[in-house]
Amino acid sequence: MSATSNIDELKTSLRREAAARRDALPADERKAGAEAIAARKFPLPVSASVIVSGFMPLKSEINPLPLMQRLAEQGAALALPRIVGRGQPLSMRAWQFGGPLDRGQWGIREPRPDAPEVDPDILLVPLLAFDRAGYRIGYGAGYYDMTLGRLRSRKTIVAVGIAFAAQEVPEIPKTARDERLDLVLTERETIDLRAP
């Protein structure tokens, strides 16, 4: 068995375990977790010139909308991802609360195709599991790794994972195409993964 196929198997197993652990969190705990993250001081400067791309929560994912609302109140411009196609980076599109949304792949709400494309400064990243080295595991399509790679080739951005503390694992199996997070926000703490 090749090293890559072994890592793929480890990731598949970890995905199943992580999804089950997250799904087991009671709804009121998930809601309180999202509110706790939004209530805490955001670890990065936010102003009218900053574009923050969030996401619409899927299944039992932590809800980033309370945090996005708070950042918008502080002056940040918002964006949401739009899926372009399998094997392609996400397209980040300008959005504001109350703006129209389409139903995209897997029923995820996303901006309409005519919403302006933007390159965010801060990218809120969903995940199934994360480790303290800054690696995450998602659903396996690689959208966020491709998107982070593309954005980082254009400008300096900060990738902020948003998760429940229960989603932390000792180590994420990784490959060369996996992009690191700069920060992880959980209901308990802010984990700064940038080099000191």
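This is a predicted model: local features need pLDDT of at least 70, side-chain atom pairs count only at pLDDT 80 or more; totals for chains, interfaces and linings use all residues.
Is Thr 147 buried or exposed? Its relative accessibility is 0%, and buried means under 20%, so Thr 147 counts as buried.

What, then, surrounds Thr 147? Leaving aside residues up to four places away in sequence, Thr 147 touches Pro 89, Leu 90 and Met 92. For a sense of scale, look at Ser 49, which is 98 residues from Thr 147 along the chain. The C-alpha atoms of Ser 49 and Thr 147 are separated by 21 Å.

Now let your eye move to strand 6, made of residues 122–125. Both of its faces are covered. On one side you will find Ile 122 and Leu 124, on the other Leu 123 and Val 125, and all of these residues are buried.

Strand 6 also has partners to follow. One of them is strand 1, residues 51–53, which pairs with strand 6 in the parallel sense over two bridges. Here Val 52 has Ile 122 of strand 6 as its bridge partner. Another is strand 9, residues 158–162, which runs parallel to strand 6 and is joined to it by four bridges. If you look for Leu 124, you will see that it stands opposite Val 160 in strand 9. Ile 122 and Leu 124, then, are buried on one side of strand 6, with Ile 122 partnering Val 52 and Leu 124 facing Val 160.

Key
Residues are numbered from 1 along each chain as its sequence is written. Side-chain values use heavy atoms; hydrogens and water are left out. Buried means under 20% relative accessible area, exposed over 50%, partly exposed in between (1.4 Å probe, protein chains only). Contact means heavy atoms within 4.5 Å. Two strands pair if DSSP finds at least two bridges between them.
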